[in-house]
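Subject: Structure handover

Hello,

Here is the structure for you to look through. My notes follow below it.

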Amino acid sequence: MWERLLTDCHVATMVPQPGNPLGIIENAAIGIDDGKIVRVAKRTELAGFRAAQVTALGGAWVTPGLIDCHTHLVFGGNRSEEHAMRRAGATYEEIAEAGGGIVSSVAKTRAASEEALLASARRRLEALAKSGVTTIEVKSGYGLDVETELKMLRVAKSLDGHKGVTVVPTLLALHALPPGVDRRDYVDRVAKETIPAVARERLANSVDAYLEGIAFTRDEVEKIFTAAQAVGLPVRLHAEQLSNQQGAALAAKHKALSADHLEHLDEAGVKAMAASGTVAVLLPAAYYCLRDTTPPPVDLLRKHKVPIAVATDCNPGTSPTLSLPLVMNMGCTLFGLTPEEVVAGTTVHAARALGLAHDRGALAPGKRADLCAWNVENLAELGYWIGLPGPDRRIVAGADA
């Protein structure tokens, strides 16, 4: 006898079949036991199976639980004043040069206690959970010293399990250069102190960096990547957001889990990512907030079969959004992604971007039973509605969350 049987639903398994890229099964049922998927099939095929709990979903469309694979959820204060500066015409670079941007959040985050950071991050996590998120990546990067980076990662770990959401922490110490600090000394300290400390305390699942003209160079990023991989941590990269720094190729060289943003990515970078299996994580809300006019090269990513994920990039400055379905709509409207692509981009490809494809992101035997039941007529509505409130039912490890 299974723990649970879900019936009267249509399922996007995200296990592709010939002519059926989302693995859709209509009039389906889902068997769950010990928090994992046992079987997904036509309802008639599971008619003889018994379960302790049988739940009819009223014809809902079921997807894997949504995965938000790029966020900066933990931070002190906010940067609403920069929103006004941007509306008055200031550029991202101008705001940063005026003492705003990332370093503004650094001061507020350093001043905040762990308790205050946890309380504010919980509120943001609750909103994202309502929108359908069951797994979320959370970066550090607003500390920029050993003590505060570790503080942020401890807060991220403390969030794990809140409202049933799995939290995947990432060290982003190479986010910006702190004011008044020597570049070489700072990068050396991250490589020799911060990364080993994070590894010892098992506070992060990967290491990220920001490669850009206003951030860090290829050589500096490579030094951090080498240090991360020396202690067994995979890497990710903010790449090609404002200019083409050949960051995607560098990420691919180090077999990075993902390269994120990618508005200025070229075909050479796309080919490198395709060869390495690096996921392209697109962040349309940041593109929207910055009023960018150069979208990522989606056609090239498709041409070379690079997996495309979509995430909120929730952060206080350039993407203050708390709705992954809204970002799915933006992916369709601003980047020309198809509804099928944004569903895959927030499930199976997002799981791959976090190194979790073995465990979640698809509804298949052995995978964790995280799923969302949506009261929609068809899956295209997930990319159609501007700010769909969220699923009618969110199930985590087989239980209602």
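**Binding-site residues**

UniProt, in an unreviewed entry, lists Y142, N315 and G317 under "binding site". These residues span 176 residues in sequence, yet no two of their C-alpha atoms are more than 11.6 Å apart, so they gather at one spot. Of these residues, Y142 and N315 belong to the lining of the largest cavity. UniProt positions follow the numbering used here, feature names are shortened, and annotations may be inferred rather than shown by experiment.

Before going on, the ground rules. This is a predicted model, where local features need pLDDT of at least 70, side-chain atom pairs count only at pLDDT 80 or more, and totals for chains, interfaces and linings use all residues. Residues are numbered from 1 along each chain as its sequence is written, and side-chain values use heavy atoms, with hydrogens and water left out.

Y142 sits in the loop between β6 (133-139) and α5 (146-159). Helices (H or I, at least four residues) and strands (E, at least two) are DSSP runs, numbered from the N terminus. Y142 has a relative accessible area of 2%, so the residue is buried. The classes are buried under 20% relative accessible area, exposed over 50%, and partly exposed in between (1.4 Å probe, protein chains only).

G317 is in the loop between β12 (308-310) and α12 (324-335). G317 is buried too, at 6% relative accessibility. Leaving aside neighbours within four places in sequence, G317 is in contact (heavy atoms within 4.5 Å) with R79 and R86.

**Cavities**

There are three cavities of 30 Å³ or more. The search runs on a 1 Å grid over the protein atoms alone: a cavity is a set of points where a 1.4 Å probe fits but cannot get out, and lining residues have an atom within 4 Å of a point. Grid points are joined across faces, edges and corners, and a volume is the space filled by probe spheres set on the points.

The largest cavity holds about 120 Å³. It has 13 lining residues, and H72, Y92, H175, N315 and T318 are the closest to its centre. That lining divides into four nonpolar, seven polar and two charged residues. Here Ala, Val, Leu, Ile, Met, Phe, Trp, Tyr, Cys and Pro count as nonpolar, Asp, Glu, Lys and Arg as charged, and the others, Gly among them, as polar.

The second largest cavity has about 40 Å³. Residues lining this second cavity include Y186, R189, V190 and T194. α5 and α6 each supply at least two of its lining residues. The largest share, four residues, comes from α6. By class, the lining has five nonpolar, one polar and three charged residues.

**Largest pocket**

A pocket is an open set of points with protein on both sides within 12 Å along at least five of seven lines. The largest pocket has about 370 Å³ of space. Its lining counts 17 residues, with P307, I308, E341, A344 and H349 nearest the centre. α11 (298-303), α13 (339-345) and α14 (348-353) each give at least two residues to that lining. Ten of the lining residues are nonpolar, two polar and five charged.

**Sheet and domain**

Seven strands form an open sheet with mixed pairing, in the order β3-β2-β1-β4-β13-β14-β15. β3 and β15 are the edge strands, each pairing on one side only. Two strands pair if DSSP finds at least two bridges between them.

β1 (residues 2-12) and β2 (residues 24-33) run antiparallel, joined by six bridges. L5 stands opposite G31 in β2, and C9 opposite A28 in β2. β2 also pairs with β3 (residues 36-42), antiparallel over six bridges. There, G31 stands opposite R39. The β2-β3 hairpin has two residues between the strands, and D34 takes a positive phi near 55° in that hairpin.

UniProt, again in an unreviewed entry, gives residues 61-376 as "domain: Amidohydrolase-related". That stretch is 45% helix and 15% strand, and its end C-alpha atoms are 7 Å apart.

**Positive phi elsewhere**

R202, not a glycine, has a positive phi near 55°. R202 lies in the loop between α6 (183-201) and β8 (206-209). R202 is exposed, with a relative accessible area of 69%.

A397 is also not a glycine, and its phi is positive at about 50°. A397 is in the loop between β14 (393-396) and β15 (399-400). A397 is partly exposed, at 29% relative accessibility.

Best wishes
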